[in-house]
Amino acid sequence: MTTVPVPAPGAASGDAAATAPALRVAIIGNPNTGKTTLFNALTGLRQRVGNFAGVTVERVEGAFRLDDGRRVAVLDLPGSYSLSAGSPDEQIALEVLLGRDRDRWRPDVVLVVVDAVHLERNLFLTSQVMELGVPVVVALNQVDMAADEGIRIDVPELIHELGVTVVPTVAKTGEGLDALKRALFASATLPAPVRRFSLPPTVDAALAPLVGVLEADGIPAGAARMEALRLLSVRRHEVHLARVPGLDSGVRGAVDAVRAAGYNPERLEADARYAWIGQVTGRVLQRRERVAPSATDRIDAIALHRVWGPLCFVLLMAVVFQSVFTWATPIMDGIEGVLARVGEWIGARMPEGELRSLVVDGVIAGVGSVVVFLPQIAILFAFIGVLEQSGYMARAAFLVDRIMRRVGLHGQSFIPMLSGYACAVPGIMATRTISDPKDRLATIMVVPLMSCSARLPVYTLLIGAFVPATALVPGLGLQGAVMLLMYLLGTVTAFGVAALFKRTLLRGPARPMILELPPYRWPGMRSLGVSVAQRCRLFLQRAGTVILAISIVLWALATYPRLPDDPSLPEATRQERQLEHSALGHIGKAIEPAVRPLGYDWKIGVSIAASFAAREVFVSTMGTIYGVGSEDDRALRERLVGERSAVSGRPAYTPLVAVSLMVFYVYALMCISTVAITVREAGGGRLGWRWAGIQFGYMLVLAWVAAWLVYRGGLALGFAGAG
Amino acid sequence: MQTLVVAALVLGALGWLVRRVVRQVRATRVAARAGGGCQGCEH
């Protein structure tokens, strides 16, 4: 492969350059071309990277400076295969590129990231962008993988064919980035590229009136020609063209005229572009015949096998969950030890009184009980990062696609549901890649059923306390298996509920998914570290803000009103009576009848109620209740195991209660942020609130009924219930 | 004195939580009207 001669940077330098207006660059490319990796490498930002399509949903902005101080603003647009399909994320890209997004600047240069392994497919989008009247630079990315695949691209010939600068890059290692940065600056001063193929004269004549309509609305000539060709096959009215006068009749006239000229208007654009692409690739692309199957082929023979594939997937996930327990325990013990010492140290130095109780029993017990789970969050997301970046998650999508189609969900729903394992908020936002509104809504309704990271502290607290650490097979223990079961329960239920929605309120056909299986790659350690650090930072941020504030308020509710002190009673009884007399105790007792049938006492009831703010608050509330209500400073897990019923003297919590509680948390939508995002993404206003209400309601009913069935079923089978 | 500090902390935390919820609801309304944009939560 030949490197590209890139023009030297301009003469601007020093202070003048530092204050010069920024060069504005928009990055666009097919999904999974390494676009976000390139964006991160250019800007030093920390956007999430995955080896599957659809990671970038929102526009993300960053900036970098050249060595001479010149500043470049960079906008990362959602990945799309073309500008023609009309999904919300493709519309975002078009609005920005045509300068019709009021909130965003129009780029001076568009950087098109092209996957060297799939040049032919990537050139479709490139050819569309090249017609928009903005200078274009092509980053021919993943050239190392293309070389490994036996693909040779004649770069100077490609430059000649496209008429734009092409820079071979390997975003993961940073290869070619300096040349790319220089090319961006140099290209800004070059004329914008133009369409490289011609349409038959009769088609040009048929499209001319529509081009005129678009130009009259201020769309540049080249872009108007691209839009006119595109609109022949697009059935929807996009936001950026909503106010173009005469557009409807213009499109109808063009469609009729093209048909009268003997062409199929729906296929015209694809036929014309792919005919040109075929000529280009014929000149620039050489493929070495492969004799032996590649490593990816050999791994996929097992990973995608009808029987071994799903089995490998389940085993892999079980090992991941088991590792969360095995590896995190020593670090958790360490954090618990440090927190206990901090509590003791502060307790010894502060005079006895309400402030000391607030700090030790409220803040340290509440926030500390959540912070302890940081190692588990880090380990889980490190594993998920490895699976995503290696390309295995795309195989997982392939494995579940058959189920998804059976329940009536579009294959595009997989990525939002996968994102839901981290957090339902980005998961619901990721549904913007789904073009069909009913499919999108059905996905929004089930994304919160995927067990998010906020449930992890609840699961691990209860599993760590009540599920024995016995080994089932080497490398897999009972604790990991129970955790896997909770994740599977949420996922399987999500499919069931989606099927129900698709057959009732959101009836519609299932569509096949076009799934790209990328070659396996070694995960980049840097981007892996970045994504884990980002997850941990978010977790600590929540602990230091929302959970801290809630812990303080709950401490007050658990402490006041004060009961007159009765020195004749033992300390433990006095504290228990004070807790029951407090506002929190009264609230808990009011809630208790609703949760009693599930085997929960008022302490669990009030913790569930508090966790409507955020699920982790369940753990911090239990921490605060046990901090205020006892002198015992053991870790929360041990206290839950040792808790006895004041009435019967039997253990207040048993493994059956713990499982029932976990099932409750698998299903219940205890998250204000998710409700807010559903309101917004389901249409906003009354419509949004209606869907959010349906979502919240069905999940709460499901949670209560499932937890009741588990508890009552367990009792019937002879398991010990609550004391 | 301790009681005053505790009262200030509790009221401060409560006020912060209420303001946060109000801001989130308001941001959701604005974003829904505008048809996009971030709602200002920590995600």
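## A first look at chains A and B

In chain A, 75% of the contacts with a separation of 6 or more join residues 24 or more positions apart; two residues are in contact if their C-beta atoms, placed from the backbone, lie within 7 Å. This is a predicted model, in which local features need pLDDT of at least 70 and side-chain atom pairs count only at pLDDT 80 or more, while totals for chains, interfaces and linings use all residues. Residues are numbered from 1 along each chain as its sequence is written, and chains are lettered from A, with ligands numbered from 1, in the order in which they are written.

**Chain A overall**
- The secondary structure of chain A comes to 30 helices and 10 strands; these are DSSP runs numbered from the N terminus, helices being H or I with at least four residues and strands E with at least two.
- Chain A has 723 residues, and 49% of them count as buried (20 or more other C-beta atoms within 10 Å of a residue's own; 12 or fewer is exposed, and in between is partly exposed).

**Confidence**
- The pLDDT, the predictor's confidence in each residue from 0 to 100, averages 84 in chain A, where 91% of the residues score at least 70.
- Residues 1–19 of chain A have a pLDDT below 50, and this stretch has 36 contacts in the model beyond near neighbours in sequence.
- Residues 49–57 of chain A also stay under 50, with 48 contacts beyond four places in sequence.

**A helix pair**
- Helix 13 (residues 308–349) and helix 15 (residues 374–390) of chain A pack at about 145°, with their axes 8 Å apart; axes are lines fitted to C-alpha atoms over the stretch in contact, and angles run from 0 to 180 degrees between N-to-C directions.
- The residues in this contact include Trp327(A) of helix 13 and Phe383(A) of helix 15.
- By class, the contact has 10 nonpolar, 2 polar and no charged residues (Ala, Val, Leu, Ile, Met, Phe, Trp, Tyr, Cys and Pro are nonpolar; Asp, Glu, Lys and Arg charged; the others, Gly among them, polar).

**Backbone details**
- Most residues other than glycine have a negative phi, and most peptide bonds are trans.
- Gln142(A) has a positive phi, near 60°, and sits in the loop between strand 5 (136–141) and helix 5 (143–148).
- Gln142(A) counts as buried because it has 28 C-beta neighbours inside 10 Å.
- The peptide bond from Tyr560(A) to Pro561(A) is cis, with omega near -5°.

**Where the chains meet**
- Chain B brings 20 residues into contact with 24 residues of chain A.
- On the chain B side, 12 are nonpolar, 6 polar and 2 charged.
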